Amino acid sequence: MALEPGSPLDDAQAPLRSGPLHWLRAGRVEVALAPEAGGRIAQMRYHGVDWLVGEREGGAAAIGWGCYPMVPWAGRIRRGRFTFDGRDFVLPANLEAHAIHGVGFSRPWRLEPHDAATAALTLALPEDRYWPFGGVATQTIRVLPDGLELRLAVQAGAKAMPAVIGWHPWFRKPDALLFSPRAMYPRDGEGIATLPCVAPASRPWDDCFINDAELVLVSAGQRLRLRADADNWVVYDGTAHATCVEPQTGPPDGFTLVPRRLGAGERLELDFVLGWERGIQR
């Protein structure tokens with residue numbers, strides 16, 4: 001079946017509507033899931049404060065709102081080109097000349113049976129020109145009274161495959177971001193990460209960092225602590241309405257810079273933990 005013109009499969013800035021929302025709640029935390037919109041979290045709310053850029057605020061662009069999974073790659077693949085197991089591959093470009101953020105953010109995910117505070121979603125990865133390897137991606141979202149636990153995973157099918165996964169939350173512009181990375185991948189003239197790593201540059205950022213410590217966002221008298229079991233974090237703060245803080249298992253263009261191979265049936269996971277506190281002075 002032919003894709004419609006302007007599909008987010010071919011244009012990451014094309015509109016992508018949320019579709020039906022499914023709410024999870026525990027204590028003062030509320031989370032809205034949008035399975036049809038790339039399996040993303042459409043909103044995170046704590047004590048009545050919305051933390052994510054919503055569909056309307058983000059202009060409904062597929063890559064511009066909510067918190068979506070990046071799978072089976074995160075960030076840009078330079079011109080869609082990479083080499084794996086001795087073969088050259090070219091993926092369709094969906095942002096200017098590059099392939100960005102995987103195939104999961106623009107496709108509907110299956111919402112599995114769930115309870116009031118926990119949900120799981122699954123996506124069968126394609127085996128076509130958008131992604132020639134197949135496999136399956138899964139998410140688990142668990143809402144806690146003062147936090148949120150996210151797990152993203154990708155598992156290879158019958159074929160070996162490369163993999164870099166991550167989360168892409170669009171946080172409403174915070175009052176402060178507390179972040180002290182130890183290194184940064186420099187960007188070249190195409191705006192894509194390169195090696196070797198260097199000392200972190202000054203803001204504004206649209207960069208991938210090496211960071212082992214907790215990150216903190218401060219907003220509306222609340223503090224949000226972010227932790228992940230990976231040390232690659234992309235931070236984008238070059239827009240007035242939002243800041244993106246993205247944990248990833250590898251850098252942009254990771255299939256080339258830091259290649260990771262999953263053999264048939266092998267699995268890659270990423271845990272992302274968010275915790276809120278109130279009463280923070282602004």
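Visitor: Which residue stands opposite L274 in β24?
Guide: L226 does. Two strands pair if DSSP finds at least two bridges between them, and strands here are DSSP runs (E, at least two residues) numbered from the N terminus. Keep in mind that this is a predicted model, where local features need pLDDT of at least 70, side-chain atom pairs count only at pLDDT 80 or more, and totals for chains, interfaces and linings use all residues. Residues are numbered from 1 along each chain as its sequence is written, and side-chain values use heavy atoms, leaving out hydrogens and water.

Visitor: How many bridges join β20 to β24?
Guide: Seven, and strand β20 (residues 222–228) runs antiparallel to β24.

Visitor: And which residue does R151 stand opposite in β24?
Guide: R151 faces D271 there. Strand β13 (residues 147–155) pairs with β24 (residues 267–278) over nine bridges, also in the antiparallel sense.

Visitor: How many helices and strands are in the protein?
Guide: There are 24 strands and one helix; a helix is a DSSP run of H or I with at least four residues.

Visitor: New topic: what share of the residues is buried?
Guide: Of the 282 residues, 56% count as buried, meaning under 20% relative accessible area with a 1.4 Å probe, protein chains only.

Visitor: Last one: what box do the C-alpha atoms fill?
Guide: Roughly 55 × 45 × 35 Å, taken along the principal axes.

Technical notes: Buried < 20%, exposed > 50% of the residue type's maximum accessible area, 1.4 Å probe, protein only.
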